[in-house]
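Thank you for making time this morning. I would like to walk you through one model, going from a single side chain to a sheet and then to a residue elsewhere in the chain.

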Amino acid sequence: RYSLVLTRQPSSRRIPQRLAESVRTSGGDVMLFDRTLDVLSRAARLRTVASRFDKVVLLVHTDDILPILAFGTERFMRPVGLYDHADHLFWIGATIADRVGELRTSGVEFSRLRRGIENPCLVGIPPERRTAAPGFAPSRRSDLPPVVISCGNAEKYRSVMGIDFMKPVEEILRRVPTAQFVGIGMTFREFPEWRAVNRRVGGRIRLLGSVPYDSLLAYYDTAAVYLDSRPMAGGTALTDALCRGCPVLSYPGPVGQMDWVFDSPALCRSDEELADRAVEILLKKVDVEALLRQESAAYARHNCPDLFKGRVAHFLSALTGPHRLRTISPQFNGLSELDNYHYAMNSGRETVWRGFGRLLNVHYEVSPLARRKVVEVFGLRFCVPAKMTSCMLPPRSCLALCSPSTHLTASATLLFPLPFGPTIPVI
């Protein structure tokens with residue numbers, strides 16, 4: 001039996017029916033806290049509710065301090081597990097986690113070496129329910145121009161560290177004059193430099209911005225090949241495309257990649273290999289049906305339901321004994337490739353005031369008076385060094401007011417300037 005607690009769920013947002021039914025089938029309950037309560041009241045209530053259960057598993061935002069307030073004491077005896085669903089970002093909560101479950105092998109290694117977490121375990125993600133068997137889709141007609149598609153938040157495509165997503169796309173369109181590229185999730189307003197590329201390929205690049213999920217699946221059905229986002233890979237979008245019968249191509253990168261990709265023909269090691277293989281698919285120089293079978297088999301090997309259930313069972317069985325607070329000791333030997341990626345993404349963003357503003361319980365657009373108070377209290381200069389920039393994703397509006405959201409790297413070490421630094425371990 002298990003129950004679900006939502007600590008800040010808007011009343012206008014419905015709980016997915018499958019999730020609610022699963023909880024109730026187990027004999028548990030779905031509990032919603034009053035989101036208008038202050039963070040301390042919600043933390044106290046969470047600790048009280050959690051005390052009635054044998055184990056606690058956290059699935060929370062990366063910078064939500066509520067679990068730390070609720071479980072940051074050994075007087076709370078129940079073991080606490082944390083599902084690291086954002087292993088590419090900086091997050092807080094390592095000291096209260098008796099066990100950490102990871103999405104992929106790269107997350108396991110990063111948490112062990114860079115976050116100082118002992119024995120993180122691989123859990124993975126729930127297997128997708130296939131909406132279409134791999135194979136030829138009727139809407140993928142041979143008499144229509146072939147479509148190359150990619151989908152993801154615009155931040156995933158920013159050119160950093162010498163990685164340029166549009167470079168192989170331009171090469172593909174140059175070598176296949178009838179092909180079109182459709183980008184979903186980004187616009188020319190966000191990538192004005194792509195306008196010149198579009199002119200060079202005769203206007204065959206369409207950037208649609210956000211589209212409804214049903215429409216997205218329809219685009220997958222018409223695509224001849226799907227290109228993963230880069231430099232930040234998009235594991236779920238890649239899987240969606242594959243499950244709609246669209247061959248996919250991806251690459252390793254600084255943010256990590258889903259395990260099944262490394263075991264499949266989807267993996268490309270260079271821009272040149274990506275362009276060559278995409279052109280072969282578009283010109284039908286390869287057996288696309290065989291390629292889909294191989295990619296689908298690789299996905300199934302790493303994401304079959306029985307394997308996922310076994311990993312979850314192992315994760316839960318490791319949550320034994322009384323709750324203990326951890327002392328983290330990351331092996332901080334300079335910046336990792338992932339840290340360098342975040343640094344490149346955020347260089348020059350002056351957003352430290354958002355974090356300290358939350359700590360002072362003020363709006364992140366800090367007033368001049370509040371700025372002076374911050375300087376008086378913390379001794380900081382208003383001209384903030386680049387190291388004090390935020391993570392790559394914008395702060396979520398639903399976070400607690402006092403949640404920190406101004407950190408550069410994904411490692412469990414804050415790169416504060418002197419006199420605080422150069423490095424300070426965090427909870």
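When I say that residues touch or are in contact, I mean that they have heavy atoms within 4.5 Å. Please keep in mind that this is a predicted model, in which local features need pLDDT of at least 70 and side-chain atom pairs count only at pLDDT 80 or more, while totals for chains, interfaces and linings use all residues. Residues are numbered from 1 along each chain as its sequence is written, and side-chain values use heavy atoms, with hydrogens and water left out.

Let me begin with H323, which lies in the loop between helix 12 and helix 13 (337–346), where helices (H or I, at least four residues) and strands (E, at least two) are DSSP runs numbered from the N terminus. Leaving aside residues up to four places away in sequence, H323 touches several others, among them F71, T73, V80, I96 and D98. Its relative accessible area is 0%, so H323 counts as buried, on a scale where buried means under 20%, exposed over 50% and partly exposed in between, using a 1.4 Å probe and protein chains only. The side chain of H323 also reaches the backbone oxygen of F71 at 2.8 Å.

Now to the sheet, which is open and has four strands in the order 3-4-5-6 with parallel pairing; two strands pair if DSSP finds at least two bridges between them. Strand 3 (56–58) and strand 6 (121–122) are at the edges with a single partner strand each, so one side of each lacks a neighbour in the sheet. Helix 12 (residues 305–317) packs on this sheet, touching strands 3, 4, 5 and 6, and its direction makes about 165° with that of strand 5; axes here are lines fitted to C-alpha atoms, for helices over the stretch in contact, and angles run from 0 to 180 degrees between N-to-C directions.

Strand 3 and strand 4 pair over three bridges, with L58 and L82 as bridge partners, whereas strand 4 and strand 5 are joined by four. Within strand 5, R99 and G101 point one way and V100 and E102 the other, and all are buried.

Finally, which helix holds R200? R200 is found in helix 6 (residues 194–200), and with a relative accessible area of 55% R200 is exposed. The C-alpha atoms of R200 and R174 are separated by 8.7 Å, although the two residues are 26 residues apart along the chain.

Key
A polar contact is a pair of N or O atoms within 3.5 Å; within protein, one must be able to donate a hydrogen and the other to accept it, and residues adjacent in sequence count only if both atoms are side-chain atoms.
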